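The sequence and the model are shown first, and the description follows.

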Amino acid sequence: MLRCAAEYLEMTEEYAVSNLVGRTEAYINEVALKNLGGAVSVLHSSESILAVAEKVKLVSRCIDTIAFIACKDSQCRRPDGEPVVDWWAEDLTVLRVDLFQRALIAMMARGFKQYALAPILMLYAQKSLRGLDVFGKGRKKIEAREEHEKRVVLETIVSLLPREKNAMSVSFLSMLLRAALFLETTVACRLDLEKRMSLQLGQAVLDDLLIPSYSFTGDTLFDVDTVQRIVMNFLDTEMELNRMGYTNTNAADEEYISPSPSDVERVTKLMENFLSEIASDRNLSVSKFASLAEVIPEQSRVTEDGMYRAIDIYLKAHPALSDMERKKVCSVMDCQKLSREACAHAAQNDRLPVQTVVQVLYYEQQRLRDVMDSSLNNSPPLSTKLSPVVDPHPVPDEVSTLRRENHDLKFELVKMKMRLKEIEGKSEKSSGATKPPLAPRKSFMSTVSKKLGKIIRADGLTSQGSKGRTKPAKDRRHSIS
C-alpha cells in the first residue's frame with residue numbers, strides 16, 4: 001500500500017535520491033516477495049487500490065511469485081500423485097476471488113497439476129461460502145449484495161474444478177450443488193455440477209442425494225428433478241461408452257471413465273433407498289414417483305424388495321389414491337423378482353390392488369412348483385445295495401418346506417377368491433334390491449297337517465253314522481210284533 005501511495009504522490013528519484021518509491025521497491029523485491037506468505041500479504045493489501053497496484057505491476061509480480069514458489073515446493077504433491085493440503089493453501093484463502101483465480105491460473109501455467117488444486121478449492125469454498133443455510137428448509141436469510149458476492153465466488157470455483165474423475169469427493173460436489181440451487185447460479189454452473197456428480201454416483205450415499213427444494217411453493221421436500229437428471233446422466237454415459245466399446249485400460253488421463261457393473265448395482269440400490277426416503281412426502285405426485293422409479297435400470301435389480309418397500313411406503317402415505325393410480329404405482333415393480341418374505345408380506349397387504357396380489361401369488365406358486373420339480377429330478381437314485389432301513393420315497397427337507405409354503409399360498413389365493421365373491425355378492429344385492437318380493441310358499445308341515453285333519457274328520461263322521469243305524473235294529477228285536 002505504501003508503494004501505491006508513493007506512486008500516487010509521484011515520490012520518484014526525479015525529485016530526490018532514495019525517495020519513497022525506490023525504498024518501497026527495494027523492500028518489496030528483497031523482503032516481501034522472497035516467500036509465498038509475504039507475496040500473498042502484499043497482494044491482499046492491494047485489493048482496495050487495485051487500479052494503482054496494477055499500474056505499478058505489483059499484482060502481477062505477487063502472482064508470479066506465488067505461482068513460482070508453489071510449483072517449486074516439494075510438497076505440492078505426494079510421490080504417489082495424490083493431492084494433499086499444502087502448508088501454504090490456507091494463505092491463499094484470504095485473497096479476493098478474482099485474485100485467487102488469477103493465482104491458480106498462473107500456477108497451472110507453470111506446470112501445477114489441475115487435480116492438485118482440489119484441496120485448495122475445497123478450503124476456499126468452505127471459507128467463502130460459510131453461513132449459507134443450504135441444508136435448511138426455511139426461506140433465505142441473506143442480503144442481496146452478499147448473495148451476489150457468494151454467487152460469483154461459487155461460479156468461479158466451479159469453473160476451476162479439475163476435470164479428472166475422483167479429484168473431488170461426491171459429498172463436496174453435492175454441497176456445491178446445494179449452494180448453486182440456493183444462490184440461483186447460472187444454468188450452466190448447475191448442469192456442470194450435475195454432470196460431475198453423475199460420473200461419481202457410484203460413490204455417493206443417500207445424504208448426497210437428499211437435496212432440499214428451495215422453490216418454497218409447497219412443492220416436494222426434496223429436489224426430485226435434479227436427482228432424476230443426475231441418474232439419467234449416469235445411465236447415458238454408461239450406454240454411450242458401452243456402445244462405443246470403450247475400455248478403461250490406459251485411460252488415466254481421460255476426462256470420463258465408464259462406470260463399472262458394481263457402480264451400476266450400487267446406484268440401483270441407492271435410488272431404491274432414495275425412493276423409500278421421499279415416498280412419505282404427501283406432495284409427491286404419482287407421475288413423479290413413477291417416472292423416477294422407471295429411470296432405475298430394471299436389469300440391474302436382482303430383487304424387487306427395495307422397490308416394493310418404496311411402493312408400500314408411498315401407498316401408506318397416500319391412502320386416497322384411486323385404483324388406477326395404485327395400479328400405476330405398482331406397475332413399476334416386477335412381481336417375479338420378489339423374495340419369499342416380500343411375497344408373504346404382499347399377499348396380506350390390503351394397500352395393494354387385488355390384481356397385483358393375485359399376480360404375486362401366481363408367480364410365487366409357479367416358482368415353488370419349479371423348485372419342487374427340480375429338487376425331485378435332482379434327487380439321487382435309490383441304492384441297489386443292501387443297507388439298513390432305507391426310505392423308499394426320500395424327500396428332502398427343503399421340498400417339505402416348499403410344500404407347506406405352497407399350501408399356505410393356495411390358502412391365501414382361496415381367501416382372495418372369497419373376497420372377490422363377496423364383492424360380487426354385494427353388487428348383486430344392491431342391484432336386486434328393487435325387485436318385488438315373491439309370494440310365500442306353503443311349507444311341507446302345513447300341507448301334511450291339512451291332510452291329516454281331513455282324514456280325522458272323515459273318520460269321525462263314519463263312526464257316528466254306523467251307531468245311528470244299529471239302534472233301530474235293537475228296538476225291532478224286542479218289539480211285541
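Asparagine 166 is partly exposed, with a relative accessible area of 44%; here buried means under 20% relative accessible area, exposed over 50%, and partly exposed in between, for a 1.4 Å probe and protein chains only. The residue is placed in the loop between H9 and H10, where helices (H or I, at least four residues) are DSSP runs numbered from the N terminus, as are strands (E, at least two).

As background, most residues other than glycine have a negative phi.

## Basis of the model

The model is predicted: local features need pLDDT of at least 70 and side-chain atom pairs count only at pLDDT 80 or more, while totals for chains, interfaces and linings use all residues. Residues are numbered from 1 along each chain as its sequence is written, and side-chain values use heavy atoms, with hydrogens and water left out.

## Overall composition

The secondary structure consists of 21 helices and 0 strands. Of the 481 residues in the protein, 40% are buried. Among contacts (heavy atoms within 4.5 Å) with a separation of 6 or more, 72% join residues 24 or more positions apart.

The largest nonpolar core has 112 residues, and Leu92, Met107, Ile120 and Leu161 have the most contacts inside it. Such a core is a set of buried Ala, Val, Leu, Ile, Met, Phe, Trp, Tyr and Cys residues joined through side-chain atoms within 4.5 Å. Helix H10 (residues 170-183) gives the most to this core, with 11 residues.

Helix H8 (residues 118-128) is largely enclosed by the rest of the structure, because 8 of its 11 residues are buried. Ile120 is one of these buried residues, which also include Pro119, Leu123 and Tyr124. The buried residues of H8 pack against helix H6 (89-92), H7, H9 and H10. Beyond residues up to four places away in sequence, Ile120 touches Trp88, Ala89, Leu92, Phe100, Leu104, Met107 and Phe112.

## Helices H7 and H9

The axes of helix H7 (residues 97-109) and helix H9 (residues 144-160) come within 10 Å and cross at roughly 10°. Axes are lines fitted to C-alpha atoms, for helices over the stretch in contact, and angles run from 0 to 180 degrees between N-to-C directions. H7 is therefore roughly parallel to H9, a term for angles under 35 degrees. On the H7 side the contact is made by Val97, Phe100, Gln101 and Leu104, and on the H9 side by Val152, Val153, Thr156, Ser159 and Leu160.

## Cysteines and alanine 346

A search of the whole structure finds 0 disulfides, a disulfide being a pair of cysteine sulfur atoms within 2.5 Å. The sulfur of cysteine 335 is too far for a bond, because the closest cysteine sulfur, in cysteine 330, is 7.7 Å away. Cysteine 343 is in no disulfide either, and the nearest cysteine sulfur, that of cysteine 335, lies 7.9 Å from its own. Cysteine 335 is buried at 5% relative accessibility, and cysteine 343 is buried at 3%.

Alanine 346 lies in helix H18 (residues 340-347) and is buried, with a relative accessible area of 0%. Apart from neighbours within four places in sequence, alanine 346 is in contact with Tyr308, Leu352, Val357 and Val360.

Technical notes
Parallel < 35°, antiparallel > 145°, perpendicular 65-115°, else oblique.
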